[in-house]
Amino acid sequence: MPRRPLVAMRRRTILAGLAAAPLAAPGIRSVRAQGAAYPDHPLNMVLAFPAGGGTDVAARPLAKIMEKYLGQPIVVTNRPGAAGEIGFTELARSKPDGYTIGFINTPTIVTIPIERPQARFRLDDFAPVLNIVDDPGAVWVLPDSPIRTVPDLVAEAKKRPGQISYGTSGIGSDDHLAMLALERVADIKLLHVPFAGGAPVRTATLSKQIELAVTNMGEAIGDYRQGMFRPIGQMGTSRWPVMADVPTFREQGFDVVEGSMRGLAAPAGLPRPVLEKLVSAARQAAEDPEWQAVATQLALPLRLLGPDEYRAELVAMRDHYGKLWQQHPWRD
């Protein structure tokens with residue numbers, strides 16, 4: 001009995017203190033807590049193209065290096081198909097909590113919704129994190145091919161209209177759009193054979209199922225160095241310094257400029273503190289000496305862009321291809 005008044009006094013003191021404490025704005029505490037705790041379990045990285053392709057060989061080592069800056073494992077999952085639509089859709093429709101991230105590729109991240117009204121994602125469904133690679137396009141042939149230059153290809157295509165086959169990573173990919181541009185400026189017709197990614201294009205070319213491999217410079221440079229492929233031209237605005245002996249299409253008289261940006265993104269709606277942690281980890285990984293060594297070994301054309309710059313590039317690209325679609329639709 002004597003202790004009850006003392007207990008009651010303590011309770012009144014505690015309650016008075018709580019009543020006097022300022023209340024946090026709705027939602028702020030939970031977001032801050034999530035940002036502070038994030039990440040507390042493994043992440044999943046979705047790749048919309050097959051294992052062994054240009055996206056895959058860059059993303060996997062970057063994910064491994066990001067792990068040490070996030071403090072959690074990153075499980076890489078390939079979801080190839082439909083020129084990236086399957087993987088992009090999975091990423092876009094994932095919970096925006098920072099535990100599902102992925103690589104997005106241009107131009108397909110913007111061209112798929114333009115060419116396919118039924119597509120289940122739009123550019124606005126993504127939160128750009130950091131662009132990593134900006135890889136110019138190229139056309140590759142086998143070493144014994146009589147085609148050695150872009151003019152050679154054009155001349156041969158005029159002799160055999162619609163018969164020279166070329167492989168790409170899919171309809172509406174940068175590779176496909178580049179060759180459609182070449183057809184327009186050179187007044188030729190080629191035979192398009194779409195694949196699910198760069199790796200099967202490589203296989204089909206080496207087995208002589210198709211005559212030309214249309215892939216990015218960084219994607220096929222390994223095969224070039226081993227004497228398996230030979231480039232006839234690159235599609236940058238200027239020569240990529242790593243392969244400065246390969247002339248651009250423009251230098252050879254054909255105004256074709258195309259390439260592929262590849263970078264990290266997450267589902268839209270990500271809490272700002274979580275996005276900031278992802279951006280920080282991705283940038284640290286991209287600047288890490290270990291990754292720089294990998295990028296040098298793979299000859300990746302790097303171009304780091306933060307979230308705002310990255311989004312601006314993507315929006316400008318969407319506008320460009322939207323206008324192109326109105327003039328020259330690349331899909332029936």
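1. A quick definition before anything else: a residue is called buried when its relative accessible area is under 20%. By that cut-off D288 is buried, because its relative accessible area is 6%. Please keep in mind that we're looking at a predicted model.

2. Here's the overall picture. The protein chain has twelve helices and ten strands. It runs to 332 residues, and 52% of them count as buried. If you take the contacts between residues at least 6 apart in sequence, 78% of these join residues at least 24 apart. The chain exposes about 15400 Å², with carbon and sulfur atoms supplying 55% of that area.

3. Now for charges. Side chains of opposite charge can pair when their charged atoms come close. How many salt bridges does a search of the whole structure find? The search turns up 21 salt bridges.

4. D56 and R60 form a salt bridge, with 2.8 Å between the closest N and O atoms. Both residues sit in helix α3 (residues 54-70), and since they are four residues apart there, about one helical turn separates them. Are the two partners buried or exposed? D56 is buried at a relative accessible area of 6%, while R60 is partly exposed at 36%.

5. Back to D288, which forms a salt bridge with K68; the closest N and O atoms are 2.9 Å apart. K68 belongs to helix α3, whereas D288 lies in the loop between α10 (272-287) and α11 (289-298), so this pair ties together parts that are 220 residues apart in sequence.

6. R318 and D124 are another pair to look at: their side chains meet in a salt bridge at 3.7 Å, N to O. This pair links distant parts of the chain, 194 residues apart, with R318 in helix α12 (residues 307-327) and D124 in the loop between α5 (108-115) and β4 (126-141). R318 is partly exposed, with a relative accessible area of 28%.

7. Which residues are linked in a network of salt bridges? E85, E115, R116 and R331 are linked in one.

8. Next, helix packing. Two packed helices are described by the angle between their axes and the distance between the axes. For α5 and α12, the axes come within 9 Å and cross at roughly 40°. The two helices are therefore oblique to each other, and α5 passes α12 in a right-handed crossing. On the α5 side the contact is made by I109, V110, T111, I114 and E115; α12 brings L314, M317, R318, Y321, G322 and W325. Two of these names came up above: E115 is in the salt-bridge network, and R318 pairs with D124.

9. D135 is found in strand β4 and counts as buried at 0% relative accessibility. What does D135 touch, not counting residues up to four places away in sequence? The list is N216, M217, G218, E219, G259, S260, R262 and P301.

10. Finally, Q252 lies in the loop between β8 (230-234) and β9 (259-267). Q252 is a loop residue, and it is buried, with a relative accessible area of 14%. Leaving aside neighbours within four places in sequence, Q252 is in contact with T149, V150, P151, I232, G233 and P247.

Methods:
Residues are numbered from 1 along each chain as its sequence is written. This is a predicted model: local features need pLDDT of at least 70, side-chain atom pairs count only at pLDDT 80 or more; totals for chains, interfaces and linings use all residues. Side-chain values use heavy atoms; hydrogens and water are left out. A salt bridge is a side-chain nitrogen of Lys or Arg within 4 Å of a carboxyl oxygen of Asp or Glu. Buried means under 20% relative accessible area, exposed over 50%, partly exposed in between (1.4 Å probe, protein chains only). Contact means heavy atoms within 4.5 Å. Accessible areas come from the Shrake-Rupley method with a 1.4 Å probe; for residues, only the protein chains shown count as cover. Axes are lines fitted to C-alpha atoms, for helices over the stretch in contact, and angles run from 0 to 180 degrees between N-to-C directions. Angles under 35 degrees count as roughly parallel, over 145 as roughly antiparallel, 65 to 115 as roughly perpendicular and the rest as oblique. A crossing is left-handed if the near helix is turned anticlockwise from the far one by less than a right angle, and right-handed if clockwise.
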